[in-house]
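Reader: I have a structure open and some terms to sort out. Can we go through them one at a time?

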Amino acid sequence: MITTEQREKLRGWFAGRLPDALFESLVEVTVDREEITVIGRIPEPRLAEGASDAEKEAAVQSRIQEFRERTREDRVAVAREAEHRFRKKVSWGVECGDERALFTHIAAPVMTRLRQPERQVLDTLIAAGVARSRSDALAWCVRLVQRHTDDWLTELRDSLEHVQRVRAQGPDTTPQDTAPQDASADEE
């Protein structure tokens, strides 16, 4: 778990290290055990007034693809430095208009054991065509919980940060040998 201060320092590092012209603004820097995801805002394409929704969507997708190709070298250089410094992979994404696109990012495997009632939930999602596999179904469930419990998860994360701060202020947690030594063992 990363603290608010660590997250702010990480965001500050990226804000200071990214080339000025890369993004209009740095939207979000998120981090977990494996990955840092950096998302920036890029300018929307200029279109004629009254452009159709299909034209707008195609223009935004093209702008995102153009940005990805044009900035690859700069992003790779920053990512290498960050990966060396923070020991985590760096992934990139952009916001353009109302669209958010993530470039290559990690899909970390997570193992779990489920009892039959829990497996039946996943199998129902597969049968209904919501997911292709139990893995997809479980990811869908996690996204659903995340969407509906953001406030609760935020409060829980804040509480965990508080626990970490309190632990850091406590006595040294490494075990110390406090038992008296046998004087005869030293006399050989």
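Author: Start with a term: a helix here is a DSSP run of H or I, at least four residues long, numbered from the N terminus. The model is predicted. Helix 4 is followed by G129, whose phi is positive, near 80°.

Reader: What makes helix 4 count as a helix, and how many residues has it?

Author: Helix 4 has 12 residues. The rule asks for at least four. From first C-alpha to last, helix 4 reaches 16 Å, close to the 16 Å expected at 1.5 Å a residue.

Reader: Why are helix 4 and helix 5 called roughly perpendicular?

Author: Helix 4 (residues 116-127) and helix 5 (residues 134-148) pack at about 100°. Angles of 65 to 115 degrees count as roughly perpendicular. Therefore helix 4 and helix 5 are roughly perpendicular to each other. Their axes are 9 Å apart.

Reader: Which residues meet where helix 4 packs on helix 5?

Author: From helix 4 come R119, L122, D123, L125 and I126. They meet R134, A137, L138, W140 and C141 in helix 5. By class, this contact has 7 nonpolar, no polar and 3 charged residues.

Reader: What makes a set of residues a nonpolar core?

Author: The residues must be buried, of nonpolar kinds such as Phe, Leu, Val and Trp, and joined through side-chain atoms within 4.5 Å. The largest such core has 25 residues. F14, L18, F23, V38 and W92 have the most contacts inside it. Strand 3 supplies the largest share of this core, 4 residues.

Reader: Which residues does W92 contact, leaving aside neighbours within four places in sequence?

Author: Among them are F14, L18, F23 and V38. R75 and T104 are also in contact with W92.

Notes. Residues are numbered from 1 along each chain as its sequence is written. This is a predicted model: local features need pLDDT of at least 70, side-chain atom pairs count only at pLDDT 80 or more; totals for chains, interfaces and linings use all residues. Side-chain values use heavy atoms; hydrogens and water are left out. Axes are lines fitted to C-alpha atoms, for helices over the stretch in contact, and angles run from 0 to 180 degrees between N-to-C directions. Helices (H or I, at least four residues) and strands (E, at least two) are DSSP runs, numbered from the N terminus. Angles under 35 degrees count as roughly parallel, over 145 as roughly antiparallel, 65 to 115 as roughly perpendicular and the rest as oblique. Contact means heavy atoms within 4.5 Å. Ala, Val, Leu, Ile, Met, Phe, Trp, Tyr, Cys and Pro count as nonpolar, Asp, Glu, Lys and Arg as charged, and the others, Gly among them, as polar. The expected span of a helix is 1.5 Å times one less than its number of residues. Buried means under 20% relative accessible area, exposed over 50%, partly exposed in between (1.4 Å probe, protein chains only).
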